[in-house]
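Subject: The structure we talked about

Hi,

Here is the structure I promised to pass on. Have a look at it first, then read on for what turned up.

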Amino acid sequence: MKLTELNLQGARQCAPVLAGIKVSNLLILDRVSPLAVMQMMDGTGLSFEYLYSGCSRRVWLVYWLERLEELLQKPENRRFLKRFGYREFSCKAVLACLKERYRVYLNEGEEYPHELGLLLGYPLADVEGFMKNRGRNYLHAGYWKVYANAEEAKETFARYREVRREAEQLAREGKGFWEMISGFAGRREPAAAWQA
């Protein structure tokens, strides 16, 4: 895959992270080497964790380290993670456990690691609502299924769509991830807007 196409795929999947309005996102690519992803991330300040490789598909978690660590420090998030066997709450420890749970889910058909939604910045009430309702009875569906604060989620989804269009345009112009991040930096929303 050419770098321009790789940047376009990455922009489609990670635009809210590149814009600084989302803590993390999955980056799912077919037949792309880890080296190509490392080159794409170079100079961005983003962290990324290789979560899974199967057949030709590779999955990474792309994230802002400091913001993910803040999310992991919240007592309600720690209580939630403890339900799934997490005992250490450093970013490194949580991602190592998630990586194993995600692998077991994909390869052995075990329960989906719902804590991934929390790490993706979905509101805890929505993650728990999804689990309780088994994906049904939601108030609204967009980037995730919403079980609380539907109007706020709709606004968030609209902002995500907006920055996705902008990031895709920048990628088509040949801009890399670091240039997209720089372009969004002047318009970044305050930290209170984070879904965490």
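How close do the axes of helix 1 and helix 9 come, and at what angle do they cross? This is a predicted model, by the way, so please keep that in mind as you read. In it, the two axes come within 11 Å and cross at roughly 35°. The crossing of helix 1 past helix 9 is right-handed. On the helix 1 side, the contact is made by Asn-7, Gly-10, Ala-11 and Leu-18, and helix 9 (residues 177-185) brings Phe-177, Met-180, Ile-181 and Phe-184. Sorted by class, that contact holds 6 nonpolar and 2 polar residues, with no charged ones.

Next, the pocket. Rolling a probe the size of a water molecule over the atoms shows where empty space is left. The largest pocket here has a volume of about 470 Å³. Its lining is made of 20 residues, and the ones that lie nearest the centre are Tyr-112, Leu-120, Tyr-122, Tyr-143 and Trp-144. Which elements supply at least two residues each to that lining? They are helix 1 (3-18), strand 1 (24-30), helix 7 (124-133) and helix 8 (150-172). By class, the lining has 11 nonpolar, 4 polar and 5 charged residues.

Now for two arginines with a backbone angle worth a look. Arg-31 has a phi near 55°, which is a positive value in a residue other than glycine. You will find Arg-31 in the loop between strand 1 and helix 2 (34-41). Is Arg-31 buried or exposed? Arg-31 counts as exposed because its relative accessibility is 65%, and the cut-off for that word is over 50%. Leaving aside neighbours within four places in sequence, Arg-31 is in contact with Ser-56 and Arg-58.

Arg-134 is in the loop between helix 7 and strand 4 (140-141). Arg-134 counts as exposed because its relative accessibility is 66%.

Last, a pair to click on. Ala-148 is in the loop between strand 5 (145-146) and helix 8. With a relative accessibility of 24%, Ala-148 counts as partly exposed. Not counting residues up to four places away in sequence, Ala-148 touches Ala-125, Asp-126 and Leu-139. Pro-113 is 35 residues from Ala-148 in sequence and 21 Å from it in space, C-alpha to C-alpha. Gln-39, in helix 2, counts as exposed at 52% relative accessibility. How many residues lie between Gln-39 and Ala-148 in terms of how far apart they are in sequence, and what is the distance in space? They are 109 residues apart in sequence and 39 Å apart in space, C-alpha to C-alpha.

Methods. Residues numbered from 1 in each chain as written. Predicted model: local features only at pLDDT ≥ 70, side-chain atom pairs only at ≥ 80, totals over all residues. Heavy atoms only, no water. 1 Å grid on protein atoms, 1.4 Å probe; cavity = no way out; pocket = protein on both sides within 12 Å on 5 of 7 lines; lining within 4 Å. Points joined across faces, edges and corners; volume = space filled by probe spheres on them. Helix = DSSP H or I, 4+ residues; strand = E, 2+ residues; numbered from the N terminus. Nonpolar A, V, L, I, M, F, W, Y, C, P; charged D, E, K, R; others polar. Buried < 20%, exposed > 50% of the residue type's maximum accessible area, 1.4 Å probe, protein only. Axes fitted to C-alpha atoms, helices over the stretch in contact; angles between N-to-C directions. Left-handed = near helix turned anticlockwise from the far one by under 90°. Contact = heavy atoms within 4.5 Å.
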